[in-house]
Amino acid sequence: TPRGYAAIQSRDKVRRVMNLPRALLLASAIFASSLVFFGPHASADTPLHFEELPSKMVRIDGVLREWPDELFMSIGSGHDAAGRIALGYDGEGIYVAAEISDGDLIRNRRPGPDDDGVRLSLVDAGAGAKDVHLYLFPALASVAPAGVYLGDSNRPKSAISRAKIIESRLDTGYIIEAFIPFRDLKNLKDFPRARGALAATR
């Protein structure tokens, strides 16, 4: 694996929970051995696994009661910029649920590479495919609201106004729950064959 890249590891089984009709596993033979760049302010990348969700299953309210424990993956390590995250999708877009440990939350009025949050990096399939980097940030009172941004591998650039994100603060960090509509991800033209990774930014 080239330095500065994280290889996506293959998985042998697709988990089925909640009697879902099918699962989308962004790993195994679909994109085994693909590479995703991660920036200098992110924890080591974790392979993505999206689960298909029944329509209207998730209510974006910052409370993760609808998300079964089986869907969560570990992210990061230690006591800062680490925790668990679950990813889902339906016909309208992508859903994200994350619980992150962070003893000193950093947010800027204009988000940049030093802001704490979660980054999803997706590489579309097919000719001329482009990377899609999504940044999800919790709110920090009197500094910055919660938000979802498109950017590159190093920093967020533009807010996705139609995305919905709600955060809840914990004594040890924060929870974020978000929905990002496919119609705002114009570079993601073939989602079922996309590949990618996620990381906590710090």
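This is a predicted model: local features need pLDDT of at least 70, side-chain atom pairs count only at pLDDT 80 or more; totals for chains, interfaces and linings use all residues.
Trainee: How are the rings of F182 and F191 arranged, then?
Mentor: Their centres lie 5.1 Å apart and their planes meet at 50°, so the pair is tilted.

Trainee: And F191, buried or exposed?
Mentor: Buried, because its relative accessibility is 7%.

Trainee: How many aromatic pairs does the structure hold?
Mentor: Six. Another one of them is Y135 with F137. Those ring centres are 6.1 Å apart with planes at 20°, so this pair is stacked.

Trainee: Are Y135 and F137 buried or exposed?
Mentor: Both Y135 and F137 are buried.

Trainee: Why do you give me two numbers for a pair of rings?
Mentor: Because a pair of aromatic rings is described by the distance of the centres and the angle of the planes.

Trainee: What sits over the ring of F72?
Mentor: The charged end of R84. It is 3.9 Å from the ring centre.

Trainee: Let's zoom out. How many helices and strands does the chain have?
Mentor: One helix and 15 strands. The chain has 202 residues, and buried ones make up 52% of them.

Trainee: What about the surface of the chain?
Mentor: The accessible surface comes to about 9,900 Å². Carbon and sulfur atoms account for 47% of that.

Trainee: What share of the contacts links residues 24 or more positions apart?
Mentor: 63%, counting contacts in the chain with a separation of 6 or more.

Trainee: Now the inside. Which residues touch the most other members of the largest nonpolar core?
Mentor: F50, I85, L87, L120, L136 and I180. That core has 33 residues.

Trainee: Which strands each supply at least two residues of this core?
Mentor: Seven numbers to remember: strands 6, 7, 8, 9, 10, 14 and 15. Strand 7 covers 82-89, for instance, and strand 14 covers 173-181.

Trainee: Take I180. What does I180 touch?
Mentor: Leaving out residues up to four places away in sequence, I180 touches G93, I94, V96, L134, L136, V148, I160, A163 and L185.

Trainee: What is in the second core?
Mentor: That one is separate and has 13 residues, including L64, W67, L71 and A97.

Trainee: Where is A97?
Mentor: In strand 8. A97 is buried, with a relative accessible area of 0%.

Trainee: What is A97 in contact with?
Mentor: Setting aside neighbours within four places in sequence, A97 contacts L64, W67, F72, R84, I85, A86, I176 and E177.

Trainee: How far apart are A97 and A178?
Mentor: They are 81 residues apart in sequence. In space, C-alpha to C-alpha, they are 6.6 Å apart.

Trainee: Back to strand 14. What joins strand 13 to strand 14?
Mentor: Seven bridges, and the two strands run antiparallel. They form a hairpin with two residues between them. L170 stands opposite G173 there.

Trainee: Is D184 buried or exposed?
Mentor: Buried, because its relative accessibility is 14%. D184 touches L150, I160 and R162, not counting residues up to four places away in sequence.

Trainee: And what is D190 in contact with?
Mentor: D124 and A125, leaving aside neighbours within four places in sequence. D190 and A125 are 65 residues apart in sequence, yet 6.1 Å apart in space, C-alpha to C-alpha.

Trainee: Last topic, backbone angles. What is the phi of K56?
Mentor: Positive, at about 65°, although K56 is not a glycine. Most residues other than glycine have a negative phi.

Trainee: Where is K56?
Mentor: In the loop between strand 5 and strand 6. K56 counts as exposed, because its relative accessibility is 75%.

Trainee: What about S142?
Mentor: S142 also has a positive phi, near 65°. S142 lies in the loop between strand 10 and strand 11. With a relative accessible area of 73%, S142 is exposed.

Methods: Residues are numbered from 1 along each chain as its sequence is written. Side-chain values use heavy atoms; hydrogens and water are left out. A nonpolar core is a set of buried Ala, Val, Leu, Ile, Met, Phe, Trp, Tyr and Cys residues joined through side-chain atoms within 4.5 Å. Buried means under 20% relative accessible area, exposed over 50%, partly exposed in between (1.4 Å probe, protein chains only). Helices (H or I, at least four residues) and strands (E, at least two) are DSSP runs, numbered from the N terminus. Contact means heavy atoms within 4.5 Å. Rings of Phe, Tyr and Trp (its six-membered ring) pair if their centres lie within 6.5 Å; planes under 30 degrees apart count as stacked, over 60 as edge-to-face and the rest as tilted. A charge sits over a ring if NZ of Lys or CZ of Arg is within 6 Å of the ring centre and within 35 degrees of the ring normal. Accessible areas come from the Shrake-Rupley method with a 1.4 Å probe; for residues, only the protein chains shown count as cover. Two strands pair if DSSP finds at least two bridges between them.
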